[in-house]
Amino acid sequence: MNHLYARSTTYLYLAMSTTVHRQGCTTTVKRRQECRLLLALLLTCCGLAAAAAGRRSDADAVADLARSLARPPSTWTTAGGDPCSFEGISCSSSGRVIAIDLAGMGLSGTLHPSLSSLTALESLQLGGNALSGAVPPLRAPSLTSLSLDGNAFTSLPKDFPLGMPALRHLIMDNLPLAPWPFPHAIAGCPSLRTFSASNASVAGPFQAAAAIVIANLTSIRTLRLSRNALTGVVPAALGKIASLREISLSNNFLQGPVPQFAAGVAADVVDGNCFCLDEPGACNAQVSTLLQAAEGFGYPFYLARAWRGNDPCSGDWLGTVCDISGSVTMIYLQHAELSGTISPAIADLIDLERLVLAGNNLTGEIPESLTKLTKLELLDVTNNSLTGQLPKFKPSVFVLADGNAFIGE
């Protein structure tokens, strides 16, 4: 009897314990569900607050833009302040400004700096107006299309087009900008399909620009850079970009061989440049060597204008002197505002007798290869910023090297 009582008590205790445990678990599950619901509500509230803040910021930016324009569209002053009802503006379902299309409206004035606060912007079309002043930085991670062409803008952000990683189409032809280099930050736009900046004052060595395009813009289809001030040689690898369908490089100061492109590529590259030939083919060996020297100097603009064609002995190549057999024997580029380095390729001019580069701002070392020039009589590199060890030339070579920072000098 006592045994049965003990067993019954044990069963009752276990049953009660199980019930309590189940109730505890049920309570814990409910609490978790309540926490999840509360978190969802908090996130929703935060999202709504952020959206409301974004809408207010967008409205303020559009209002600033309206004030900076000389004659904004009429609806921009009569729509009660809601930018989503303004002509040329499109908004998302949450009320954020995602597109502004003011192309060809004859607008003048400037762009207000607060344009950078339109962070939800996906398209900005401003082409064909008379807008002037500086283009403000744009920090719109979803922006896919930007058109600035045909305006009177005078400057771009220093890091342009940083902050637009989704950009697919960038049109900025016919802008009176101060000379500026091909934008390195465009490497951060891997989806770019169209980059058109003809007659936009893009200047400097094209090889650096091409390297950015080749390495980063693997989706590029249209590249237009005609009527600028680009110098140097067009890398052959540019013609091997599989996605490329159209390229325009005419009317620059490009040198070296004419680049080749696939049959399906519409290429406008020869006219108005300084290629050694009018069609693809290797340049004269001395021309190739002198262009390597120009590369070391950073392809300066004035050499690009003067070193054109396929004969450095034609009399038109600035600073070069040839003998009657057509070999370059002297290079005089003193006080020519050169920077960069002395290319070791100069040693390939085997008949060179005089190399005068005094009074520039050349850096780096004098190439050891120059000591192999058997006919060299004079090397003048005075008053540069050369460093390293001065190479040992033959006693017959008169070396002038004062005004540098050679080791042991």
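1. The link of C84 and C91 is left-handed, with -100° about the S-S bond. The model discussed in this note is a predicted one. In it, C84 and C91 form a disulfide in which the sulfur atoms lie 2.1 Å apart. C84 is partly exposed, at a relative accessible area of 31%, and C91 also counts as partly exposed, at 24% relative accessibility.

2. The structure holds 3 disulfides. A disulfide is a covalent bond between the sulfur atoms of two cysteines. When the bonded cysteines of the protein are numbered in sequence order, the pairing reads 1-2, 3-4, 5-6.

3. Another of these links is formed by C276 and C283, with 2.1 Å between their sulfur atoms. The link of C276 and C283 is left-handed, with -80° about the S-S bond. Both cysteines of this pair are buried. C283 is also included in the second, separate core described under point 9.

4. C313 and C322 form a disulfide as well, their sulfur atoms being 2.0 Å apart. The torsion about the S-S bond of C313 and C322 is about -85°, and the disulfide is therefore left-handed. C313 is partly exposed, with a relative accessible area of 25%, and C322 is partly exposed at 23%. Two further cysteines may be noted here for their accessibility: C189 is buried, with a relative accessible area of 1%, and C274 is buried at 2%.

5. Strand β16 (residues 320-322) and β17 pair in the antiparallel sense over 3 bridges. The bridge partner of C322 in β17 is V328, while T320 stands opposite I331 of β17. The two strands form a hairpin with 5 residues between them. In the turn of this hairpin, G326 has a positive phi of about 90°.

6. How many bridges join β17 to strand β19, and in which sense do these strands run? There are 3 bridges between β17 and β19 (residues 354-356), and the two strands run parallel. Within this pairing, I331 stands opposite L355 in β19. Why can β17 be described as largely enclosed by the rest of the structure? The reason is that 4 of the 5 residues of β17 (residues 328-332) are buried.

7. These strands belong to an open sheet of 5 strands, in the order β16-β17-β19-β21-β22, with mixed pairing. The edge strands are β16 and β22 (398-400), each of which pairs on one side only. From one strand to the next, the twist averages 10°. In a regular strand the side chains alternate between the two faces of the sheet.

8. D351 deserves a separate remark. D351 is found in the loop between β18 (339-340) and β19. Is D351 buried or exposed? D351 counts as buried, because its relative accessibility is 17% and the cut-off for buried is under 20%. A polar contact of 3.0 Å joins the side chains of D351 and S327. Leaving aside neighbours within four places in sequence, D351 is in contact with S327, V328, T329 and K375. Of these contacts, V328 has already been named as the bridge partner of C322.

9. The largest nonpolar core has 65 residues, among which L146, M172, F195, F206 and L238 touch the most other members. α1 (2-68), β2 (97-101) and α2 (206-216) each supply at least two residues of this core. Which of the elements gives the most to this core? α2 does, with 5 residues. A second, separate core has 38 residues, including C283, L290, L338 and V397.

10. Leaving aside neighbours within four places in sequence, L146 is in contact with L124, Q125, L138, F160, M164, L167, H169, L170 and I171. L146 is also one of the residues that touch the most other members of the largest nonpolar core.

Note on methods
Residues numbered from 1 in each chain as written. Predicted model: local features only at pLDDT ≥ 70, side-chain atom pairs only at ≥ 80, totals over all residues. Heavy atoms only, no water. Buried < 20%, exposed > 50% of the residue type's maximum accessible area, 1.4 Å probe, protein only. Pairing = 2+ DSSP bridges. Core = buried A, V, L, I, M, F, W, Y, C linked by side-chain atoms within 4.5 Å. Contact = heavy atoms within 4.5 Å. Axes fitted to C-alpha atoms, helices over the stretch in contact; angles between N-to-C directions. Polar contact = N/O pair within 3.5 Å; in protein donor to acceptor, adjacent residues only side chain to side chain. Disulfide = S-S within 2.5 Å.
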